[in-house]
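Here is a short briefing for a first look at this structure. Topics follow one by one below.

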Amino acid sequence: MFKPFTTPVSSRLASSGAVILKNFVRGKRQSNQSASTKKVVNQLSALSASRKQPKLLNLCNEDLIKHKTIVNAWNLFKRKVQQRKHLQLKKQYKSIYNAMEDLKQTSPKLFELANAQQEGKRFPLEMRIPTDYPPTQPWVYNYSPKNKQ
Amino acid sequence: MSLFRKVGISCYPNISNLQVTSLGAVNQVRNATKKVSGSKTNKNDSAGRRLGPKAHEGNFVKPGQIIMRQRGSKIHPGENVKIGIDHTIYAVEPGYVRFYHDPFHPLRKYVGVSLKKDLNLPTPHFSPRVRRFGYELLTEPSEAKKEEDHMSRKEYTYQPKLEEALKAENELKSRITSEFEDALRNKFKLVLNQEDLKVALTRFYDIFQLVKIGKPVEDAKIQATYNFIHDLKLTERRAEISADEFLSKKAYFEKFFSSLDSQVTVDVDGSLIAYIAEEERQSERQRISKTLHSTYSNRVLSVKERKEVESLICTPGVFDLLQRYQLRTKYTPSVVPFSVPDSVIEITDVKNPPEGVIIQKIFDEAARSTRIVGRPREVFAFRK
Amino acid sequence: MLQAKSGVRIATRNVASFSKRFQSTSSGIWTDFSKRSASLKLNSPEVKQGLLHKINPEEGPASISDYNRRLAYHSPEDIDETFKQAYELLQQEAEVKYKEIEGYKKRLGEAKSTKEVEFLKKSIDKLLVDAEVKNPEVLYNVEYTDVELLDKSQPVYRHLLKEKWEAYDLMITMQRLEQLHMIPDTLPTLDPKVDVKVKFPHNVKEEFADWVVPGTVLPAFAVSQPPTIQIQEFETVEEKNLYSIVLVNPDTPDLKTNSYSTTLQYGLANVPLDNVDNVIDTSKLFSQGEKFTFKDYQPLVPEKNAQTQRACLWVFRQSEELTLGDIARENFDIRDFASKNNLTAVGAHIWRQRFDRSVNYVRNKYGLGEGRVFRRVRGTAPVV
């Protein structure tokens, strides 16, 4: 049923609708889909979303229990990761707290300074809150801070 | 477009009356009109609809009597009343009208009918409902008989079918019991008096019926004994026998049943067989299973061999219904699996298959394509 | 041509060699039955092989009975490898739980105060549930084998059965109790604690032989003998609890007041039951019935046109042994009975009956005389 992709990538892109639609065409839009594809698209558009769901897998009893067990194990694994992270954060907070307490004891002046409200100071764009994953745009290359302009 | 933006929403009603000056400002023009006669639709004043309560707090009402006429449900229907299509509230039980508030819907007013004069509404949430029976007793015997025999249309139309089923049931019962009687007399040489024989036959028929719906034979025996003792107890309750008689009869028949059970038992297919002890049954089961496995498993069986297997499976008193079914599906399946040796024959000439070989088109998993193979006739149990 | 649709796998490998190759070498806590009960095992060896190791591609999954469907079955990709990892992970977690249980058991041996003992026992039960609740064999047993054959002394089975009960049967029961107004017509309300199931074992027709769904309308012949009652506790019962069971009919016509009265149809008291021994069946009634029964069973026999009547079965947990005097059948006050004897309702069941052609037969059997006949149309006379 499925033919292997033998045509080169560039020619496939050229023939796909996405590229052609970018070029402005005056007059009635001409679809480049074949008649049979159009028919299928029309038929699908008339069906409700629930009918377009993939067919439900008919698993045997053994495989259903296997599936349930895999889900159970995955939940357990995720819970353990979460617990580890939580513990780590707790430790970090505790260590920060201890350091600040230490600072309070040794140099109250520095402690005051460290805790002073910094008014008018915005969060610099260069800095990011630490996250698990990089942002979609990793770095703003043409950025220059305001006060240097 | 620009005009609408300038004038704003206020200009929408009489756009035709607007004049736009050269500077773009808008002036309204009033034409000289004078209404001479009144309008046609301004005279529809209807008479009062006579709404309001028709029965008041504490009044006695009969079923169907209207309590309240209203537009919309100003007052909601409470206990023992109903609401009509035009929100008319009417009583469905005879009793005394009560207007009240319900703690479950604090913003609603309710009207209900309390069945007794001293009862208030709503009835407390956890106390039993007060209900009226309302059906009068038929004292005239002929009238009562007629009413009792009266059938609903559904019951009436089902009568022929019911009679047929009853007839079939009775026929089965008489056939099976006569078979039982025959077996007791000739096969087991039991000499019983008339009453004992009757009891024994009823008991065996009870057991047969219970086993037929899937009850284990031992449970069925207990149930059959219980059925008999229960019936005996009811004869005592009806004062047909005395309490002493009941006890003596009970003891006698319990002993009789145990002696009967030690000689005769009912098989799952409804025939009387000699009693087999549980250990013996187990060993027999193992022996037959072993024979089946060693001689008849994993090969194509001929018609004769199938019959042999069937007779082994149906050895009296050894396997119950479920076990028989399992053994049948294992050793004499309707179509022998492909994995059995010699059940698949490779053929080269599809047009002229060898004698006694049936052509079958199958899907080959490995090659992912259809393939034509031959299968011996014996592979298919129900094919002539 | 079913064979053509299903895949053919011509035997190339020996089945025995297959199962040998796929036996796992790991031996964790879930495969060790020296300390754990054997009832946590999956009994069928074929299903166990398919569940814990790999489904034999030549045989197909053992849980599918049809040969052709079995052959046509394909497991999802990589499910066995993933399952193996998942099983190991969950088993390790269970091992931790069993170690904790060891510690608790040691503490239980040294514990002195009853409060501490109770706490420790509760904790051990909870840990036993946690250790086994994800065991695939246990899950398979609860989901796909006969629930009545499960070992209810295992906390994990009780836990899973309770979840199953709450998800369906309990909801059905509570709906029927409320919608048929058994609550509050008999007792104010119910906090359900046990699963109550009822069946009539004397029935030889399949449609009436099974457990009764709450609220079903049954004919008189189907209820003509005492029911089998199963009371499944989900909490641990160490020594046997005592139970009382009453069956009442709150719809007996009371012509004097033109209302209804309650009749006691059946009464059992001081029935000792626990998690495993949880059923009052024919054999128990036969051997000990007279000890438990304080009111003999009398089925509901609704008279013609007396409408549908409800048979309300209440199960009470007793705090101590009861000594009941003679209790009248007529005008039975169930609320008074429960409060006087210090009974707490833990479960209930209901079925309904109306006049049918077998009522007269049952009336005669119980010596109840001719039934009254009421007018078909309801009158308007008020409640007295």
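Just after H7(B), B:Asn298 takes a positive phi of about 60 degrees. Helices (H or I, at least four residues) and strands (E, at least two) are DSSP runs, numbered from the N terminus. This is a predicted model: local features need pLDDT of at least 70, side-chain atom pairs count only at pLDDT 80 or more, and totals for chains, interfaces and linings use all residues. Residues are numbered from 1 along each chain as its sequence is written, while chains are lettered from A and ligands numbered from 1 in the order in which they are written.

**Helix H7 of chain B**
- H7(B) covers residues 278–296, 19 residues in total.
- From first C-alpha to last, H7(B) reaches 26 Å, close to the 27 Å expected at 1.5 Å a residue; the expected span is 1.5 Å times one less than the number of residues.

**Chain contacts**
- Chain C gives 46 residues to its contact with chain B, and chain B gives 44. Two residues are in contact if their C-beta atoms, placed from the backbone, lie within 7 Å.
- On the side of chain C that touches chain B, H12(C) supplies the largest share, three residues.
- That side of chain C has 21 nonpolar, 14 polar and eleven charged residues. Ala, Val, Leu, Ile, Met, Phe, Trp, Tyr, Cys and Pro count as nonpolar, Asp, Glu, Lys and Arg as charged, and the others, Gly among them, as polar.
- Chain A puts 14 residues in contact with 24 residues of chain C.
- The chain A side divides into seven nonpolar, three polar and four charged residues.

**A sheet in chain B**
- Four strands form an open antiparallel sheet in the order S3-S5-S8-S7. Two strands pair if DSSP finds at least two bridges between them.
- S3 (52–53) and S7 (81–83) are the edge strands, each pairing on one side only.
- S7(B) and S8(B) (residues 89–91) pair over three bridges.
- B:Ile83 stands opposite B:Ile89 in S8(B).

**Backbone details**
- The peptide bond from B:Leu121 to B:Pro122 is cis, with omega near -5 degrees.
- C:Ile183 and C:Pro184 are also joined by a cis peptide bond, with omega about 5 degrees. C:Pro184 is in helix H10 of chain C.
- B:Arg368 is not a glycine, yet has a positive phi of about 50 degrees. B:Arg368 is exposed because 8 other C-beta atoms lie within 10 Å; exposed means 12 or fewer, buried 20 or more, and partly exposed in between, with C-beta atoms placed from the backbone.
- C:Asn258, not a glycine, has a positive phi of about 55 degrees. C:Asn258 counts as buried, with 20 C-beta neighbours inside 10 Å.
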